[in-house]
Amino acid sequence: MMYALLLLLTLGLSGCSMGETVQPWDKAILARPEMTFEGDPLDTKYVEHIYSSKEAASGGAGVGGGGCGCN
Amino acid sequence: MKSVPTKKTHVLGAALFAAALALPSYQTAFAEATPEHGNVSFKYLNYRDSQPGQDRIGVNAYTTSIMMPFAGKWSVTSSYTYDSVSGASPVYHSTITQDMVSGASVISEKRNAGDISLTRYLEKGSWTFGVSYSGESDYISRGYSLQRSLLTDDKNTTLTFGGSYTTDTIDAWKKSVFDTKEVVAGLFGITQILTKEDIVQLNIGYSNGVGYFSDPYKYADSRPRRRNITTFLTRWNHHFDGSDGTGKFSYRFYTDSYDVKAHTLSAEYVQPLHNEWTLIPSLRYSSQSAAYFYKPVNSVQEPPPISIGPYSVDQRLAALGALTYGIKVEKKLAHEWTVDLKLEQYEQTFNGDAGLAPFSYRSIQLGVSRVL
C-alpha cells in the first residue's frame, strides 16, 4: 500500500508537467547548484554514514554503497 | 562514571568509525551534461557522540576529492579518506549489563578508503562505472557499481538504472570471527522537471545481502545471514522567487527483512546573502520500528544459546526517533575558491526500550573547494 502510494505520488507530480514543457531557455534557475539533488557530495557522504552508525535505515539515493563494518 | 578498559572496545572503535565515515564510490541517481569545469575539494569532519552524562566516540576525518572532465565527453571522479577514532564505546546496556560493556577504553584506530569512477556522457544520458576500497584492521570492503541515465528528448525527464556489487571480508582474529558478506543492489530512479522552479525525484532501491551482518565485538548478537532492503526516496527542490532561496525536501521510506520500517523526513533551505555568502539551515526527523529479533536491554542478562535464533541488543535495531538540526555557512572567495562551515546536532527523541540511554552527537565540518 505504501509503495503504491509513493509511486502514485511521484507519477502524479510528473504528470503535472505534461501540459507545460519547460524550455531550455527557462532552465537558468534549475541549473543552479542548490537545485540539483547531489548537493555537496562530501557533506552528504559524511552525514549519511554517520546516520548508518546510529540508525537501522540507510541508502536510497544511489548505488555503490557499502564499504565498512557498519552493520 | 569512570570508564573501564576492555578488549572489546578496540574492535568496537574500528567498526564504529568505519560505520560513521566510510566513503565508498557512490553514484547518485541523476544524470547531468558533460561538466565544463573540474573541481577539487577538501573537507574535515570532527564528530563526537554521547549518552547522558558520558562522552563516547570522537572521530576526525579528512577527505579530498577531485573531478575532472576530459576528452569532451568523459569525466573522472576520485576521492581519498583518512580517518581516526578515539574515545569510549557506547552504552548498549544502560542498566543491567552496564558493567559488562558500558565502560570504555581508549580507542585509537585508523582507516584508509578510496574510490574512483569514470563517466561517459552521451547526447541523452550517461554511463558511469565506479570502484571503491576500504581497509581497516579487521574489515576490508570492495565495491563495484554501474549506472545508466537516460534523458527524454526535451531533457526534462531522466531515468536512472543502477546496480552495484559489494564484497566484504571480516578478519577479526581477536574475536575468532572470519567471515564474508556480499550485497547486490539495484536502483531505478525518475527525475522530473515540473516547472522552471521545481524538480522532483523518485528512487526505488532494492538490495539483497548474504553473509555476516553482525559485528565481532557485539555482546549477544546473532543475526540472520540474509538482509533484503527496499527503499523509496522522494525529493523535491523548489526555488522561491521572493527570497531567491531554495527549499530542498525529501522523504524516505525504508523496509527490510529484519522487519525494520523507517520514515525519514528532511528539509533544507539555501539562502543566498550579500557578498557571496550563503546560509543553509536544515532539519531532519527519522523514526523506525524495531527489528523482530531485537531484545529490550532490560531483559538481557547473558547471551542466549545459539539455538535460540536471531538475537540482538544493538541499539540501532531498537524502535527509536531522532531529530537533527544544523546550520551551514558558505562563502565564495576570489579565484573560484569556496569555503564552508557546518554545525549539526542530533538527538534521539524517543526509543522503545526503557533501558536504553538515548544517543546524541554533534559534528563540525570545515570545507574548501575550488573550480578548476
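Predicted model: local features only at pLDDT ≥ 70, side-chain atom pairs only at ≥ 80, totals over all residues.
Local features need pLDDT of at least 70 and side-chain atom pairs count only at pLDDT 80 or more, while totals for chains, interfaces and linings use all residues. Residues are numbered from 1 along each chain as its sequence is written, and chains are lettered from A and ligands numbered from 1 in the order in which they are written.

Chain B contains two helices and 17 strands. Helices (H or I, at least four residues) and strands (E, at least two) are DSSP runs, numbered from the N terminus. Chain B has 372 residues, and 43% of them count as buried. A residue is buried if 20 or more other C-beta atoms lie within 10 Å of its own, exposed if 12 or fewer, and partly exposed in between; C-beta atoms are placed from the backbone. Contacts (C-beta atoms, placed from the backbone, within 7 Å) show how the chain folds back on itself. Among those in chain B between residues at least 6 apart in sequence, 62% join residues at least 24 apart.

Strand pairing requires at least two DSSP bridges between the strands. In chain B, β2 (residues 39-51) and β3 (residues 54-70) run antiparallel and share 12 bridges. Within this pair, B:F42 faces B:T64 of β3(B). The two strands form a hairpin with two residues between them, and B:G53 in the turn has a positive phi of about 80°. On from there, β3(B) pairs with β4 (residues 74-87) of chain B, antiparallel, through 14 bridges. Here B:S65 has B:S79 in β4(B) as its bridge partner. This hairpin has three residues between the strands, and B:A71 takes a positive phi near 55°.

Most residues other than glycine have a negative phi. B:E276 has a positive phi of about 70°. B:E276 sits in the loop between β13 (261-272) and β14 (277-288) of chain B. B:E276 is exposed, because 12 other C-beta atoms lie within 10 Å. B:E336 also has a positive phi of about 70°. Its place is the loop between β15 (320-332) and β16 (337-351) of chain B. With 12 C-beta neighbours inside 10 Å, B:E336 is exposed.

B:I170 belongs to strand β8 (residues 157-172) of chain B. B:I170 is buried, because 22 other C-beta atoms lie within 10 Å. Beyond residues up to four places away in sequence, B:I170 touches several residues, including B:D138, B:Y139, B:F178 and B:Y212. B:L122 is 48 residues from B:I170 in sequence and 40 Å away in space, C-alpha to C-alpha.

In chain A, helix α2 (residues 41-52) has 12 residues. Nine of the 12 residues of α2(A) are buried, among them A:L42, A:Y46, A:V47 and A:I50.

A nonpolar core is a set of buried Ala, Val, Leu, Ile, Met, Phe, Trp, Tyr and Cys residues joined through C-beta atoms within 7 Å. The largest has 31 residues, and those with the most contacts inside it include A:Y46, A:A56, B:V59 and B:L317. Two or more residues each come from α2 of chain A and from β2, β3 and β15 of chain B. The largest share, five residues, comes from α2(A). A second, separate core of five residues includes B:I193, B:L194, B:I199 and B:V200.

Definitions and conventions
Contact = placed C-beta atoms within 7 Å. Expected span 1.5 Å × (residues − 1).
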